[in-house]
Each structure stands twice: as structure tokens, then as C-alpha cells.
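Before you read further, please open the sequence and the coordinates side by side. These notes are meant to be checked against both.

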Amino acid sequence: MQLLPFADGAGYGFLHRADPRRPPRATLVMLNAGLIHRVGPFRMNVELAERAARHGIDLFRFDLPAVGDAPAGGGHRPEDRVRMAMDAVAAASGSERFVIGGVCSAADLAWKMPALDARVRGLLLLDPCAVRGPWFRLAQLRHFLSRPVAEWGAVLRRHLQREATPAGRDWPSPREFAAGNRRMARNGVGIYALYTAGVTDYFLHPRQIASGFPGLADRTDVRVQFRPDIDHVLFVPRQRAEVLDDIAGWLDATLPAE
Amino acid sequence: MQGIEPMLLPRGDGHLFAARHRGAAPLRARVLLCPPLLQEQIRSYRFFAQLAGQWARHGIEAVRFDYSGSGDSSGTSADFGIAGAIADIRHAWEATMRHDDGVPRLVCGVRMGGLLAAHAIRDGLDADMAWWWQPVSSGAQWLDEMTAIDARERRSRSRFPLRPAPEAVAGELMGHAVDPRLPAELRALHWPELRIPSTWLLDSQHALEPHMAADDVVRLPLAFDTWPDQVDFEAIIPVRQADTATARLLARLMEPAPEASVRHAREFAT
């Protein structure tokens, strides 16, 4: 593992090298999950680094502004910080290909990156944006009715107060999201997306996948799943291990061989 | 944060991550921050990083580090063990706190980091003073608390609204895969007999316990009562909440240690 300071002095990150003697197949750049510092929820990013390295893939983890050891502000947009991170990694390892990943709002940020930087060849999206649509409404009704009657009032009140975009999220419109996914896949950007039970306010039914990722079901480099048994931050270590193994398998199958 | 000097300290086949916050002149003290464990370490990371920065601006050079198998240090979480963590404290101390300039050297142990640091001191770590931040006096008690929180999270319908979570098995604790032997190691861990000038930074409940003399206890604001119990990050712990505590610690650095503080370090667990 290599300590990598940023050129502007505004923080640092850790580059896990699969093989320090040669450039990697790609580098997975993991963004902060909300306020959790660079190790990720329950140290998930470190666990993923070890799995990625088995397939010749590096992993870089660092703190975005105001998280972990990074100063607040600094005059850069988060997108710029991600690109600066990619520059630092490229200079250190010779990596030319990047997969950007994150949970929740970090997935929203990751989703924007392929349009901003051609080096981004893959996305790892945990609980990203989704298209609600009629299947969500149906599942939402079923979920509502499954709750004790005593809870209905409170659930309805929360539902009526809810915004179209969940708090703290930065979403494109549903149309832009679906079109963006189609466009990225057409351009050879691989996509791994996982929806968990942590986002029941916008994802509840597996058929929502086809709405958000239209026409991509047959592509081997696009893997989108719904795991209603898993929580938002992958609290249960066995479940987290399953997910990380699956991600590592997808990376290996998707990225060009060395 | 400006002024942080991150380091990878060689340790066996791997390394310990450490970060030094250089103290402003005049230098009043150096302190090694021993972090809490598991989710408490992740939950409080930003707060103690900011607190270290605050102390550095007041002339207290602070070094933070991660135990092997945690944070940015080498090893998987299943590699973490009590004896190794105590040895890590001594290793970080030797690597970062060896200076001959007469500046006092302190240990600040946070939660279980306090209990581990107490054992490192008992084993010979030559700190001049100790700050105990919401310390845990019994490994068994802490394990029971963590096990209860783990079970609460698995039962939580807001965390698992669609399917029940799997039951915890040996080797799982608070979201981490741990060495199945860790619970037994924790149960065997008790506060050792110490003779070191100490200041106790306690939450509102523990600060009121009668054996804690007022002159060696800093009562923390209510904002500190709940963070060890929290798994999710609803908000960061604002560092300004520690302003009063920092002022008290700075004042204590200038005073002779009261005899009571040494006695309480010895009697903390009783």
C-alpha cells in the first residue's frame, strides 16, 4: 500500500497496488460513503482492495473535502477532486483506466464521471439513483400494507413530506438517468449497480432495473441487482463478503486482460 | 486539514498508519491518541482528527494511529487482537514520541483505546501523564454493549425493512469480521493498577460517580453521551463541543497533578 499525497497539499489517499512492478489493469477509485472516511463502511474499501488485487486491479481510497482528514472547501468541486485523484494515481502507477465507485451520494458523484473524463471505463454504484415508475408504486403499496396498522399514519406522514429526490442526493431526471446509462454502456463503460433494502423510499421492485437500465439486461459488462436482504452499509460481514466477491468477479470479467 | 503529516510506520511485514499534527510554538506537550475500536473508531475518526488539529494549534503535538487490522494499518479486521493492539501502542509510542527536549509526553486513550493504553502503561510505556476519554474499564462490559448493539441493529426494521437479518455468528461483531477468539480476550481485560497522573474526560453519567473527584474530571457536554452507541452517521460530532475540555486540559498541563488523580487511575475499575 502506498501513501499518496495530493499535489495541492489538500489531503492524501492510499493506493493499494496489485503489483508494484507494473501498471494495473485498472484502478478502482472509491469515494467516501457520506461522512465515513476513506476506509469505507466497516472498512469495506480495504476489504475490496484485497479482492481487486487478486485480479491485477489497484484500488485508491481518499477523502473528499470535509471528510476524514481532508480540509473543508478548497475551492474545488467534488468532480475536480476525483479527477485530481485520478491524476495522482496515474502519475504514481501508470494506470490509464479507472472504475469509480461509491455508496449512495458517492454513487451519484461517480455516475457523473464518465462524461467528464474518458479514463473512466467503469462504475461501481451501491444504492445509486433509480427510476421509480409503476413497479415501485405497486411494491410500495404492498410494503405499506405489510406494516402494522398502528404504523400507517406515521408512514403516510413521512411519505407526504418526502421529496422526489432523497435528501442529500444529487440526481438527474429519471429520463436522463436511463439515457445516461444506455449511452455509457454503448461507449464501453461497464456498470455494476446494487440496490439494497436501505433505499426503500425509491427502490423496492426488481423490475425497476429495466426502467433505469433499459435494454442493458443482456450485456455482460452491466450487472444490476436488487438485494432486499442487505442493508445500506452492508452491516453483516457475511453479506458484505458476498457482495465484494461479486464485485471482484465483475471487475475481472469486465476489464480487459493485462 | 492543514498541518497533518501522515506516516506509514514499519511494523513486522506491514505497517501502522499514523498521522502527526505538528504543535504550534511554544510546544507544551506531545500526546499519542489511542483510538477506540471497531465502529467507534470509524464513527469518531473525523472528530478526533479535528480535535488533534485543535490541540496542535494550542501547542500540543498530537499523533493519531490505527491498530493493526483496523483503519489504514495493515491486516484484516480478523487479524486484530488485544495483545497485538497493546504492542501497537508501544510501537507507535517508540516510533513517534521519542524526544529529548523535556516536553511532557502523554497518552490519550479513547474508550477501549483507554483500556488498551492502560495496559501498555502497566507494561512499561513511560508516559508522563494520561488523559482518559470516555474510557472503558472492563473488556467484558464493552463486549456486552457491542453485542447488544449488534443484535439491536440486526433486529432493526429501519435497517432491514424487507427481510430479517441473519443472526450473528462467531467471528462477527458490530459489522466487522473479527477473530473468533477476540471475545474471550476482551472478557479477560480489566483495568490494571496504575500510578500515573490522569485526567478523566467523562460523559455526563459517569462524571457524576462519587469516586471521581472534581479536580481530575472534565465533564463532557451532552453531545458526547450517545456517539459510542451509534452505528450510522446522522451527523459528525462537532469539535467545538470539545472547546471547554481542551481549555481544561491545557490548564491542567500547567498545574501539578493532584494526588487524587493518581489514586483514581489505580481505582478506576473498582
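1. Basis of the model. This is a predicted model, in which local features need pLDDT of at least 70 and side-chain atom pairs count only at pLDDT 80 or more, whereas totals for chains, interfaces and linings use all residues. Residues are numbered from 1 along each chain as its sequence is written, chains are lettered from A and ligands numbered from 1 in the order in which they are written, and side-chain values use heavy atoms, with hydrogens and water left out.

2. Overall form of chain A. Chain A has eight helices and eight strands (DSSP runs numbered from the N terminus, helices being H or I of at least four residues and strands E of at least two). Its radius of gyration is 18 Å, close to the 18 Å that the globule rule gives for 258 residues, so chain A is as compact as a globular protein of that length; the radius is taken over C-alpha atoms, and the rule is 2.2 Å times the number of residues to the power 0.38. Those C-alpha atoms fill a box of roughly 60 × 40 × 35 Å along the principal axes.

3. Of the 258 residues of chain A, 57% count as buried, where buried means under 20% relative accessible area, exposed over 50%, and partly exposed in between, with a 1.4 Å probe and protein chains only. Among contacts (heavy atoms within 4.5 Å) between residues of chain A at least 6 apart in sequence, 73% join residues at least 24 apart.

4. Chain B. The secondary structure of chain B comes to nine helices and 10 strands. Its radius of gyration is 18 Å, close to the 18 Å that the globule rule gives for 270 residues, so chain B is as compact as a globular protein of that length. The C-alpha trace of chain B spans about 60 × 45 × 35 Å along its principal axes, and 59% of the 270 residues count as buried. For contacts in chain B between residues at least 6 apart in sequence, 75% join residues at least 24 apart.

5. Nonpolar cores. A nonpolar core is a set of buried Ala, Val, Leu, Ile, Met, Phe, Trp, Tyr and Cys residues joined through side-chain atoms within 4.5 Å. The largest has 55 residues, of which B:Leu32, B:Phe65, B:Tyr67, B:Ile89, B:Leu116 and B:Trp132 touch the most other members. Helix α4 (residues 112-122) of chain B gives the most to this core, with seven residues. A second, separate core of 44 residues includes A:Val82, A:Ala107, A:Trp171 and A:Val199.

6. Helix α1 of chain A. This helix, residues 44-53, is mostly covered, with eight of its 10 residues buried; among them are the charged-type residues A:Glu47 and A:Arg51. The cover over the buried residues of α1(A) includes β2 (12-16), β3 (26-30), β4 (57-62) and α8 (237-254) of chain A.

7. A:Arg219. This arginine is found in the loop between α7 (208-212) and β8 (222-227) of chain A, and at 31% relative accessibility A:Arg219 counts as partly exposed. Leaving out residues up to four places away in sequence, A:Arg219 touches A:Ala185 and A:Arg186. The C-alpha atoms of A:Arg219 and A:Ala185 are separated by 8.6 Å, although the two are 34 residues apart along the chain.
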